[in-house]
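Subject: Structure handover

Hello,

Here is the structure I promised. Please open it alongside this note; the findings follow below.

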Amino acid sequence: MEKTTCIVVGAGPAGSACALSLSRKGIDTILLERGRTPGEKNVSSFVLFMTELKRLIPEWEEDLPVERNVVRTDQAIFTGNDIKMITSYNYDKIDDPITFTAFRRRFDAWFAKKAKDAGAELITGMTVTDLIKDKGRVIGVRVGDEELYADVVVGADGYYSSVGEKAGLITEWDPARCTLGVKEVLDLPPEVINERFQVSDGLGCEMGLWHYNYGKLSFGGTTLYTNTDSVSLGIFARVGELKEKNVKLHDELDKLKQHPFIHNFIEGSTLREYQAHIISHGGRIKPENLYGDGVLLCGEAGGLMDTASGMGVPTCMTSGLMAAETIDLAVKKNDFSAGTLKNYLKFLDTTSMLDMVHESKRYSDSLVGNNAGRANYMADIADSYNNYWNADYMSKDYHPLFLNLYLKAGKFFVPSLIRWIVTPIVKGFSLYKKTVEKIKRKIRSRFYEWKKQYDS
Amino acid sequence: MDKTTCIVVGAGPAGSACALSLARKGIDTVLLERGRTPGEKKVSSFVLLMTELRRLIPDWEKDLPVERNIIRTDQAIFNGTDIKMITSYNYDKLKNPVYFSAFRRKFDEWFAKKAKEAGAELITGMTVTDLIMDNGRVVGVKIDDEELYADIVVGADGYHTKVGEKAGLVTEWDPARARLAVKEVLDLPPEVINERFQLSDGQGCDMGIIPYHFGELSIRSSTLYTNKDSISLAVFAHLGELKEKNIKLHDELEKFKEHPFIHKFIKGATLREYQAHIIPHGGRVNPENLYGDGVLLCGEAGGTTDTASGMGVPTCMTAGLMAAETIALAVKKKDFSADTLKNYLKFLDSTSILDMIYESKKTSDYWVDKGKLERPDCMAAIADSYNQYWNADYMSKDYHPLFLNLYLRVGKFFAPKLIRMIVTPILKGYSFYEKTVEKIKRKIRRRFYEWKKQYDN
Amino acid sequence: MSGKNSMTVDEKMSTVKIKIDKEAHITVNKELCKNCTDRPCLIICAAENYKWDEKSDDLVFNYEGCLECGACRLICPLNAISWSYPKHGCGVKFRFG
């Protein structure tokens, strides 16, 4: 009987981060991947976020396979005829990169190799079909007829987590709480990309578009970003709404490509690869279901995605690292029961992950309720700054720039601001910093209340 | 002795609008222009706002000389290595244009021709050298040795207004309250412009850039916009600060052109024309000095430009139209004294021009006093909250989710004013919002009227 | 805006590399489909792998061209689709995900 300390299922960002961290701690780890190479099953609207990766692999510059260093990011509200966009250029990131575009096939393979180099045993082309259990406790995995035993199994096997399902931690896959993505990688010469996105060789742009009531969908997202000699264009929509409205997402993508705003960027390109993937909403899995006897979930398997900002890779990576910390503790205690593995939540809570899950769940709730408040807010700010669109000096009701800004944008801030800031304002503005602290504490206490039900 | 009812000095947007309106009312009008053709003396960071022009000349589509229909506008805060930009695309303006990029030479000529067709007498190449006065009343203008008499003279002759100066209405030209502009028109093939600004043929982009903590100047701005087969790039700075710090603005323009953000747009371009111009701050002329016996000031001569948004042509045009209304009233009353012409302020106040002058003066005061803007920080906070990669760190407990970030970072800019303006109704319930806006408006108007009162008696 | 028509899904699928599994990772209980009124699988699949054959009044599907997003499994109102990850490293191989 083959037995190891830990089996990590899935060599994506969460799984590889976990295996890498475990190996560095000297814990025997097997990393199983169903693809022939890690990353070939994965699709990201992928911008590789470096903050954590830099700390994890300080020598990343040697061989990290990247496309372009993102120095420009855009967030746009897209309503057909009317587009508002907030752009950020950060030229100082040329020397100190913070985000890169990259391909998952190359990045995931690179990252899994780092785990392997650290001592983890990477086995590819292995699809876990079942768990081996002993009195409700997970003690190994089945890959077809083969059996593999371990003290703890980490499910980092994506949205359709077999580990989560077979361990009884995941019981439902709600179409309303997940997003389908259809993506195209479109070839374009680098110099054309440079002109259209106003970047230079090696520098990239990443654009996030939020659609509100565009086409048949009430809410959707689009991402457009630059690779070295191609651009990636992906469209996202909630599976629930697609079903309800009988909409083919790939038709919507084709329509979007005809829209002048998108068309201007991709004109003359040829399709390199067509992709589809499913992305869960954050907060899909309750914290109490992130662990069990002999099992932990991380990454998309645990729904550890930031729904509001759309980031997945860095959050999944963080959860993988915290899973490793938990296992390290369990190894020291020599106890892999749910009672010990519960510490996973404590470790997650030393990072911003649990807050993020909580916020993502709330955001997801409001999406499901079709709440599009944010769009209006951003549109109002843009309209106030770019105030030509409604300028009419002959009218008595035309407001000067700043008044306009306060009146139009301010109303979105008012309800929250009043609640948070009215007290210190009354006591004097110098108390501002303290109030921020208080607000944070209040939010944390709200969060702990929510969390409490899982703690006992 | 040549005598007419009204002489309008300067065939720019204000003068031509005034002459056009007067001619339509059947009032004899002579429109004098110092250039050989109207517009040849003009430099604008020029985007032609159609709102009023469309009402004034409904058949504009026939022959209005324009370059590109602006469907994209950007406002950018420029901080050297850090640039935040808010962009607005309005594709429905393809069918219903709100503004165009255009060249002043062509537009001013077209607009003056409209005034001429309506019946105004346009005489070009005529520089007014003095006013003819009678008992302190303006009764005509001198062009070297020639004399031209009129019941009323409208000074629409720009920043260095001869009419305003000779009538004693404009007495100082404060360098702190004026900006110098240096501009280049750079040739680029239309298809390159389309690629770089993400446009199609005929569609244009207008970009306002506020450099902030960049270079040696504390306050300045820049504009970059697309013509058919060229782009216009200008930098603006306070005359006062240029003087104080001994800076050549055209050197700053050169430095600016080398910055990667600007360089990407203009790479490979060749210079078509080099230009310079001066732009006053709004509120430069006190309202009591916008009129006198037999004289009115409008356009830049009266400082009727919008400092906060940087718009001038539409505000000047509006002022010109209101001057025409005032003169029509004076013609009916057969009284061209300051008393009657004081109604100019009432007419201006039926539009948003007086509010605009007041706000512009406040903005200008702020710049002159504090030597900085508050706007960039606020905009940068908004942009940073949305484009939050730059500070995301999920491993840190202090990393805020998007919306909390937005409230905390952006909210503080809104808080002080909002609290003052909105706290009471909020306590009474959010449904009071609309009423409150009305209240605020009324309060602001009251503040404004107080300021205005001193000029009313 | 170009009036040029976009590629068909079949043309798009020609860019995707797939190692075909002998064993089907999708199975459908087609009997249930006959009573299905919505048939959302026909619209949700970005590869258009599910088609309704009017002649035989039967669901036709092709597991070989699967992009492995799994949306069909989520969306099926009758739980007729059983879907799992392909084994032995088979299935889609995204090169530029």
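Buried area is the accessible area (1.4 Å probe) that two parts lose on being put together, summed over both. Between chain A and chain C it comes to about 4100 Å². Carbon and sulfur atoms give 57% of that.

This is a predicted model: local features need pLDDT of at least 70, side-chain atom pairs count only at pLDDT 80 or more, and totals for chains, interfaces and linings use all residues. Residues are numbered from 1 along each chain as its sequence is written, chains are lettered from A and ligands numbered from 1 in the order written, and side-chain values use heavy atoms, with hydrogens and water left out.

Chains A and C first. In contact (heavy atoms within 4.5 Å) are 51 residues of chain A and 41 residues of chain C. On the chain A side, Tyr160(A), Glu273(A) and Tyr274(A) lose the most area to chain C, together 18% of what that side buries. The interface holds 8 salt bridges, each a side-chain nitrogen of Lys or Arg within 4 Å of a carboxyl oxygen of Asp or Glu. Glu40(A) forms a salt bridge with Lys93(C). Their closest N and O atoms are 3.1 Å apart.

Now chain B. Helices here are DSSP runs (H or I, at least four residues), numbered from the N terminus. Helix 1 of chain B (residues 13-24) packs on helix 3 of chain B (residues 104-117), with axes 8 Å apart, at an angle of about 15 degrees. Axes are lines fitted to C-alpha atoms over the stretch in contact, and angles run from 0 to 180 degrees between N-to-C directions. So the two helices are roughly parallel (angles under 35 degrees).

Best regards

Terms used. Parallel < 35°, antiparallel > 145°, perpendicular 65-115°, else oblique.
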